[in-house]
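Reader: Can you take me through this model? I'll ask as I go.

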Amino acid sequence: MSKTLILVRHAKSDWSIPGQKDFDRSLNERGHRDAPRMAQLLLEKQILIDAVITSTATRAKLTAEYFNEQLFKGQKELIENENLYEASARVWMNEVCALSNGLNTVLMVGHNPGISYFAEYLTKSELGEIPTCAIVGISFEIESWSEVSGATGKLLFYDYPKNNPIAT
C-alpha cells in the first residue's frame, strides 16, 4: 500500500497594502499567473488526488482555488485547516499523521519556512527554501498516514515556476 502527499507553497503574495495583516494578504500579479500554470503542470502528471487541504490564510486559499479549478474544474470541496498557517514542521507532521486512511493522495497548501523543513524532513533531500507556488510530491510505502515519519518519504517531483518558464 502507498500514500502520496503533494505539498504546495502558496503562490507569490501581494505586499502593496501598507499595514495589512500577513494573514489577509492576497496574491500579486505573478501569483495569479503562476498558480494556474503550476496546477496545470500537476494535472499533466495525471495523479489522482483525493483531497485538497489549505491553510486558511487568503493567499493559500486563493492558491488552492486555482489548483481546485485546474484539477477538478472547481468541483472538489476545499478543506480549510487553520493549523497550517505559520505551521512548524512538527505541526505539519501532526496534521499529516491525522489524515483519514481513506485518502490515498492528498494535496496540502501552506507556508514557509515550515513546509520546506517538513519536505526535507520527510525525504532527507536538500531542497532548500521551497519557492512560492512550488509543488513537491512525496510517496510513502505505508498503509496508514500515522506511519509517516522522518525519512520515510521518497521524493517524486519538485517543480516551481522559475524552473518551468512560460512557453513562447
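Reader: Is the crossing of α1 and α2 left-handed or right-handed?
Author: The crossing of α1 and α2 is right-handed, meaning that the near helix is turned clockwise from the far one by less than a right angle. Helices (H or I, at least four residues) and strands (E, at least two) are DSSP runs, numbered from the N terminus. This is a predicted model, in which local features need pLDDT of at least 70 and side-chain atom pairs count only at pLDDT 80 or more, while totals for chains, interfaces and linings use all residues. Residues are numbered from 1 along each chain as its sequence is written, and side-chain values use heavy atoms, without hydrogens and water.

Reader: At what angle do the axes of α1 and α2 cross?
Author: At roughly 40 degrees, and the axes of α1 (residues 29-44) and α2 (residues 58-72) come within 8 Å. Axes are lines fitted to C-alpha atoms, for helices over the stretch in contact, with angles from 0 to 180 degrees between N-to-C directions.

Reader: Which residues make the contact?
Author: On α2, they are Y66, F67, Q70 and L71. The α1 side includes H32, A35 and P36. Contact means heavy atoms within 4.5 Å.

Reader: How many are nonpolar, polar or charged?
Author: Nine are nonpolar, three polar and none charged. Ala, Val, Leu, Ile, Met, Phe, Trp, Tyr, Cys and Pro count as nonpolar, Asp, Glu, Lys and Arg as charged, and the others, Gly among them, as polar.

Reader: New topic. Why is α4 largely enclosed by the rest of the structure?
Author: Seven of the 10 residues of α4 (residues 114-123) are buried, so the helix is largely enclosed. Buried means under 20% relative accessible area, exposed over 50%, partly exposed in between (1.4 Å probe, protein chains only).

Reader: What covers the buried residues of α4?
Author: The cover includes β1 (3-9), α3 (89-97), β4 (105-110), β5 (135-140) and β6 (153-159).

Reader: And the largest nonpolar core, which residues touch the most other members?
Author: L5, L7 and M108, out of 25 residues. A nonpolar core is a set of buried Ala, Val, Leu, Ile, Met, Phe, Trp, Tyr and Cys residues joined through side-chain atoms within 4.5 Å. β1, α3, β4, α4 and β5 each give two or more residues to this core, and α4 gives the most, with four.

Reader: Last one: where is A51, and is it buried or exposed?
Author: A51 is in strand β2 (residues 51-54), and it is buried, with a relative accessible area of 4%. A51 and T105 are 54 residues apart in sequence but 7.0 Å apart in space, C-alpha to C-alpha.
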